[in-house]
Amino acid sequence: MRVRYRGVWMAFLAATLVVAGCASKPDTDDDNAFWSALRFTSAEVEQYESVSAMAASADLVVLGTIEEIGVGRTWGSQDPTDRLTTLALQVKIDGVLRGKPIDGVVDVVSVEREVMSLASDALGASVSNEGLTLNDGVVAAIPNGKAVWFLRLRDDEGTELVAAEVQFAGGRSYRLVNSMGLVTEAEGGSATTPVAEVTHFHDRAAELPEEWLFADITDLGFAQVVDAARVP
């Protein structure tokens, strides 16, 4: 399989809604609300045509569950309205499917995800043990189902304006390899990509790598995605 990279970083455009589920239980409004806060439209830096190709390229692939969330790092200027802050997801590792965690990572891996739907200076007050308080005041509960996380070790440490409020496992954080690098289980065992913009893929033939990848994920189903992500 071919793997192609675009030599540009993400051009963040807008936060949009997503419908997603989680492992071992049907889709819920809480899960949908939480994942939608982490979803945005962007140009994919890394593109893959299949689950196996994405897994082979990733630094680490785990089956995991979000244990807690916190405020990650902040980039931008001294103007508080000109900043971007990440949400730090502490993911309990239920199984390592491929790769080796960095030193210091035993049973939890830290994943940072940019949040475009909440103002940077409001994110701290939005994070709690219960979940993420959205702009409309609704608390989006942390999904409690297992997901497959295709991860890339972040190499931007030290570039942030403000350090994270949480301690990263092993002192480093990961990111998703791309927006379809998070796969959850929906009702009936189907697989979903809850932080990816995929709505327009349903009504057209697959022509681009991201469309081929989406087709591969949905054709396989969640259990088969887990198998495809494992070391052959």
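In the hairpin of β12 and β13, which residue takes a positive phi? Select G188: its phi is near 85°, and the hairpin has 5 residues between the strands.

Before moving on, note that this is a predicted model, in which local features need pLDDT of at least 70, side-chain atom pairs count only at pLDDT 80 or more, and totals for chains, interfaces and linings use all residues. Residues are numbered from 1 along each chain as its sequence is written, and side-chain values use heavy atoms, with hydrogens and water left out.

Next, colour β12 (residues 182-185) and β13 (residues 191-192); strands are DSSP runs of E of at least two residues, numbered from the N terminus. The two pair in the antiparallel sense over 2 bridges, where pairing requires that DSSP finds at least two bridges. E185 has A191 in β13 as its bridge partner.

V148 stands opposite V183 in β12.

Now select F34, W35 and W149, a cluster linked by ring pairs. Rings of Phe, Tyr and Trp (its six-membered ring) pair if their centres lie within 6.5 Å; planes under 30 degrees apart count as stacked, over 60 as edge-to-face and the rest as tilted. F34 and W35 are edge-to-face, because their centres are 5.5 Å apart and their planes at 80°.

Last, go to E46 in strand β4 (residues 46-48). E46 is buried at 2% relative accessibility. A polar contact of 2.2 Å joins its side chain to that of Y48; such a contact is a pair of N or O atoms within 3.5 Å, where within protein one must be able to donate a hydrogen and the other to accept it, and residues adjacent in sequence count only if both atoms are side-chain atoms.

How values were computed
Helix = DSSP H or I, 4+ residues; strand = E, 2+ residues; numbered from the N terminus. Buried < 20%, exposed > 50% of the residue type's maximum accessible area, 1.4 Å probe, protein only.
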